[in-house]
Amino acid sequence: TQRELSRLAKMSVYNPESSYIRTYLEWLVEIPWKVKDKKATSVEEAAKVLDEDHYGLPKVKERILEYLAVHKLVGKIKGPILCFVGPPGVGKTSVGKSIARALGRKFIRVSLGGIHDEAEISGHRRTYVGALPGRIIQGIRNANTKNPVFMLDEIDKIGMDFRGDPSSALLEALDPEQNNSFSDHYLEVPYDLSDVMFITTGNILDTVPPALRDRLEVIVFPGYTEEEKFHIAKSFLIAKQLEAHGLDAKKVQISDASIKEIISRYTREAGVRELEREIAAVFRKVAKKFASKYDQKKLNISPKQIASYLGTYKYTKTIAEEMDEVGMATGLSVTSAGGEILFVEVTLMTGKGRLILTGQLGDVMKESAQAAMSYVRSRAKVLNLPE
């Protein structure tokens with residue numbers, strides 16, 4: 001730093017390099033080298049904050065409170081790298097904000113979706129025109145504190161091309177053994193990231209490289225049951241959407257049965273995004289009524305009215321076939337958006353004894369069918385089946 005400063009002092013103002021050196025020195029000065037948020041939060045207070053913001057998610061909340069308890073006893077622990085994995089709309093990003101609020105720290109979020117360039121993480125070399133530090137150092141400067149809660153969103157959607165592999169560049173930042181001297185290419189001075197609490201999120205872990213996955217402590221968000229969705233809608237979504245549509249909670253009331261009707265007949269998802277959209281659709285039509293000189297003082301939304309607001313229902317609770325069918329099995333598939341229920345149907349015909357699989361089946365489903373066929377053949381005598 002001193003050497004660069006003395007170079008700048010000797011340099012002419014008109015030298016184009018002087019602006020580069022000035023920018024570099026400004027970055028070095030503005031980065032928080034020792035500034036920390038020292039707000040002491042009790043475990044009870046943090047538990048209260050997490051419950052205020054989210055319904056359910058016991059494992060996630062328990063892990064955060066354990067982190068806080070250990071931090072309180074030890075003073076400093078090597079920052080754990082939590083990885084929230086689950087379908088869209090289950091609250092991974094919003095839990096990150098709650099954690100920052102519970103710990104009394106600043107919150108930074110960087111989306112990694114579509115990042116191809118390694119320099120986005122570890123910075124450009126100063127020899128390039130318009131060089132800048134990586135997103136991690138930029139985030140720390142914006143937060144102006146050494147120990148923020150840093151969220152790296154969509155870690156499963158990092159790209160990789162001729163400009164480099166950003167997931168490899170993340171290894172140094174996310175390894176508790178290495179990140180006490182994180183080296184950004186622009187700064188060229190080691191920076192201590194060990195106080196930062198990193199949280200990463202993703203829909204599915206399959207696309208995350210094994211070396212990076214090894215550094216992460218995975219917490220799975222499984223999605224919500226209908227009962228949990230009901231409580232989430234009642235406690236959070238309805239109040240939020242009433243406010244968003246300029247409606248008064250005293251004038252517009254939606255019954256519990258109506259909420260359950262929307263959940264069971266209009267949504268089938270792991271998270272609550274679609275549910276929130278359907279509630280918003282109802283309130284939009286209600287807002288239109290009030291805006292069109294609707295003369296009633298109060299409006300109660302009953303289950304029978306839901307169809308007039310949202311149209312005919314999309315899903316039924318029961319399957320079409322009431323009776324058990326021979327040659328039909330129910331399967332489950334896992335996807336990044338939660339999962340699907342599959343109905344597998346079989347028919348027999350004369351032929352050479354070959355198994356023909358049709359439909360867009362993945363490798364696992366094909367293997368399952370072959371395994372079933374192998375099992376039947378190996379047990380043919382026990383099952384009294386003719387060859």
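**Helices that cross**

α10 passes α12 in a right-handed crossing. Keep in mind as you look that this is a predicted model. To find the two partners, look for residues 226–244, which form helix α10, and residues 273–291, which form helix α12. Their axes come within 10 Å and cross at roughly 45°. Angles under 35 degrees count as roughly parallel, and α10 and α12 are therefore oblique to each other.

Which residues of α10 and α12 meet? On the α10 side they are Lys229, Ala233, Leu237, Ile238, Lys240, Gln241 and Leu242. On the α12 side they are Leu275, Glu276, Ile279, Ala280 and Phe283. Sorted by class, this contact of α10 with α12 has eight nonpolar, one polar and three charged residues.

Helix α12 also meets helix α11, which covers residues 256–266. Here the axes come within 10 Å and cross at roughly 125°, so α11 and α12 are oblique to each other. The crossing of α11 and α12 is right-handed. From α11, the contact uses Ile262, Ile263 and Tyr266, while α12 brings Leu275, Glu278, Ile279 and Val282. The residues of this contact of α11 with α12 divide into six nonpolar, no polar and one charged. If you compare the two lists, you will find Leu275 and Ile279 of α12 in the contact with α10 and again in the contact with α11.

Now move to another part of the chain, where helix α3 (residues 43–53) packs with helix α5 (residues 92–103). The angle is about 150°, and the axes are 8 Å apart. That makes α3 roughly antiparallel to α5, because angles over 145 degrees count as roughly antiparallel. The crossing of α3 and α5 is right-handed. In α3, the residues that meet α5 are Ala46, Val49, Leu50, Glu52 and Asp53. Their partners in α5 are Ser98, Ile99, Arg101 and Ala102. By class, the contact of α3 with α5 has five nonpolar, one polar and three charged residues.

Rolling a probe the size of a water molecule over the atoms shows where empty space is left.

How many cavities of 30 Å³ or more does a search of the whole structure find? The search finds one, and about 30 Å³ of space lies in this largest cavity. Its lining consists of Leu50, His54, Val60, Lys61, Ile64 and Val95. Helix α4 (residues 58–74) gives the largest share of the cavity lining, three residues. By class, the lining of the largest cavity has four nonpolar, one polar and one charged residues.

The largest pocket has a volume of about 1,600 Å³. It is lined by 36 residues, and the closest to its centre are Val346, Thr347, Leu348, Leu355 and Met373. Which elements each supply at least two residues of this lining? They are β10 (328–335), β11 (338–345) and α14 (363–378). The largest share, seven residues, comes from α14. Sorted by class, the lining of the largest pocket has 22 nonpolar, nine polar and five charged residues.

Methods: Residues are numbered from 1 along each chain as its sequence is written. This is a predicted model: local features need pLDDT of at least 70, side-chain atom pairs count only at pLDDT 80 or more; totals for chains, interfaces and linings use all residues. Side-chain values use heavy atoms; hydrogens and water are left out. Axes are lines fitted to C-alpha atoms, for helices over the stretch in contact, and angles run from 0 to 180 degrees between N-to-C directions. Helices (H or I, at least four residues) and strands (E, at least two) are DSSP runs, numbered from the N terminus. Angles under 35 degrees count as roughly parallel, over 145 as roughly antiparallel, 65 to 115 as roughly perpendicular and the rest as oblique. A crossing is left-handed if the near helix is turned anticlockwise from the far one by less than a right angle, and right-handed if clockwise. Contact means heavy atoms within 4.5 Å. Ala, Val, Leu, Ile, Met, Phe, Trp, Tyr, Cys and Pro count as nonpolar, Asp, Glu, Lys and Arg as charged, and the others, Gly among them, as polar. On a 1 Å grid over the protein atoms alone, a cavity is a set of points where a 1.4 Å probe fits but cannot get out, and a pocket is an open set with protein on both sides within 12 Å along at least five of seven lines; lining residues have an atom within 4 Å of a point. Grid points are joined across faces, edges and corners, and a volume is the space filled by probe spheres set on the points.
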